[in-house]
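Let's walk through this structure together, one neighbourhood at a time. Please have the model open as you read.

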Amino acid sequence: MNRTTLSLIAAATALAAVTGFAAVSAPDGPADTAAAGTGRAAGAKTPARMPVERSSLLCPAPSTSDLAETTYTSVTPAGRGDADAEEGSAELVPTNATLATRDGAEDEKEKDTGKAGPGKPVLSLKEPGKPVTAEANTAEAPALVGSADGLLAPGWTAQQTTKITAGDGRGVLGVSCTAPDTSFWFPGASTADTRHDYVHLTNPDDTAAVADVGLYGRDGALESDAGEGITVPARSSVPVLLSTLSADSVENVTVHVTTRTGRVGAVVQAVDEEAGSDWLAASADASDTVVLPGIPADATSVHLVVFAPGEDDADLKVRLAGRSGSITPAGHETLHVKAGMTTAVDLKDVTKGEEGSLLLSPAQGDPAPVVAALRVVRGKGAARETAYIPATGQVGERATVADNRAGGSVLSLTAPGATAEVEVTASAGSEGGEPVVKKYTVEAGTTLAVEPPVPSGLKGSYALTVEPRSGGPVHASRALELPEDGIPMFTVQTMPDDRGTVLVPEAEQDLSVLDD
């Protein structure tokens, strides 16, 4: 009898390092959980945290405006990779095609990228800790797909920033390129006549994906068949105009993207005829406690949109965490959200000249999970500009945001529970400069908004990395301000954990295959 032994821990390690998840169990036994404080299978050791070995990112097609000026930035933070890992690579390349879906009909014309395989890399990262940039000043700029491995995989981050100075889509549109997934929630979109919102679906894989796009208003699901079974060809991107999916003109809509087959990256391009435009990133996974960090001090309008995706209504307490503590906005102490329906609240100029973050938590009864986002306006009249802040997870072990400019970035740190100590690293500049590290204390229940550290001798742009060192959980966002002709153009990116490491169970058991 010959025995071939497969190490269970080796298999689990490989799975976790590539996918970010691993769970193992003894044959016919209970699962060994990787979360701290939960039960483990007999004989299992404490899970080890290891750097991931591969990451994937997708960036949507920036704009169809001839005035669009787009900057791409890619970076992997220094100091997290496995010392034994290979040097690795991290590249973003154009998709094969970007198919326009205007008025519900697909236009098969490709954007100069119609090739059988991936094109020349737009961005190619060489080493951790030093960003690389590229520009695309054209309406034909395609969506990008890419992956990183080896030392460049843990925490790999890319930012796409587009500035449009006039016309449709005017504004600064910023988005952190997303990982592919099978489900996304976007509270804060619209099918109103003054809005032209597209959900961009990008497929990174070599086979077609099929996606469904559902819309939910204040009375529940909007009637629509057009959002079902949308084919996203291999390594291609499809922007879908939301107003073509339903005959209803609805001011506040929650978008739900799911896939039947394959996976996609998804993000909403929200264009307001009167108040500018920006990307609306997906809300964090539904939770009964929600944090939306980084409302600017000079916000002239703050609009909260919440959706309850479960079977139960949600009753929420609303608090604003400001510079010196948390308060309850007058007239908005609680919020009732019906299951399967979108609820919107106009908080007006809730920050009153002081930066802040919105905190939602259960008010009474059984907690029910929600997804949420803020639509934030700066300026008045014809000089208004809009950005979006989706609910975000905590920084966790580490979070990074790319494309920071000297004097144009604001970092917001929120500690909804206990006081926290964080370390912020400004990376080397894309064209020169040395990293700088600074520590901050965020008092319990407050928001600390600071002009972040800048690399010594900065040339080009740089990345910011936030790492909690002690205390309670921290949530963060970065605002990038690029004013134009008196218009306070800006964009806000949240900073959840970069998932640069995963917990890998250290089991001692072997799986054996017996050959007679």
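Contact here means heavy atoms within 4.5 Å. This is a predicted model, so local features need pLDDT of at least 70 and side-chain atom pairs count only at pLDDT 80 or more, while totals for chains, interfaces and linings use all residues. Residues are numbered from 1 along each chain as its sequence is written, and side-chain values use heavy atoms, with hydrogens and water left out.

Let's begin with Thr 165, which is found in the loop between β14 (157-164) and β15 (171-176). Strands are DSSP runs (E, at least two residues), numbered from the N terminus. Not counting residues up to four places away in sequence, Thr 165 touches Leu 67, Arg 170, Glu 484 and Met 489. The C-alpha atoms of Thr 165 and Ile 487 are separated by 9.5 Å, although these residues are 322 apart along the chain. Is Thr 165 buried, exposed or partly exposed? With a relative accessible area of 34%, Thr 165 is partly exposed; buried means under 20%, exposed over 50%, and partly exposed in between (1.4 Å probe, protein chains only).

Next comes Ser 477, whose place is in strand β42 (residues 475-481). Ser 477 is buried, at a relative accessible area of 1%. Leaving aside neighbours within four places in sequence, its contacts include Pro 293, Val 410, Ser 412 and Thr 494. A polar atom of the Ser 477 side chain lies 3.0 Å from the backbone oxygen of Pro 293.

Now for the sheets. Strands of a sheet pair through backbone hydrogen bonds, either parallel or antiparallel. Two strands pair here if DSSP finds at least two bridges between them. Within it, 3 bridges join strand β7 (residues 90-94) to β11, and Leu 92 has Leu 123 in β11 as its bridge partner.

Another open sheet of 4 strands runs in the order β30-β26-β32-β33, again with antiparallel pairing. Its edge strands, β30 (342-348) and β33 (385-390), each pair on one side only. Strand β26 (residues 299-307) is joined to strand β32 (residues 371-378) by 8 bridges; in β32, Arg 375 is the bridge partner of His 303.

Strand β34 (residues 399-404) deserves a look too. Why is β34 described as largely enclosed by the rest of the structure? Because 6 of its 6 residues are buried. Strand β34 runs antiparallel to strand β41 (residues 462-471), with 4 bridges joining them, and Val 401 stands opposite Leu 464 in β41.

Finally, let's turn to the rings. Rings of Phe, Tyr and Trp (its six-membered ring) pair if their centres lie within 6.5 Å; planes under 30 degrees apart count as stacked, over 60 as edge-to-face and the rest as tilted. By this rule the count comes to 4 aromatic pairs. Phe 184 and Phe 186 form a stacked pair, 6.3 Å centre to centre with 15° between the planes. Phe 184 is buried at 7% relative accessible area, and Phe 186 is buried at 0%. Ring pairs also link Trp 185, Tyr 216 and Phe 307 into a cluster.

Conventions. A polar contact is a pair of N or O atoms within 3.5 Å; within protein, one must be able to donate a hydrogen and the other to accept it, and residues adjacent in sequence count only if both atoms are side-chain atoms.
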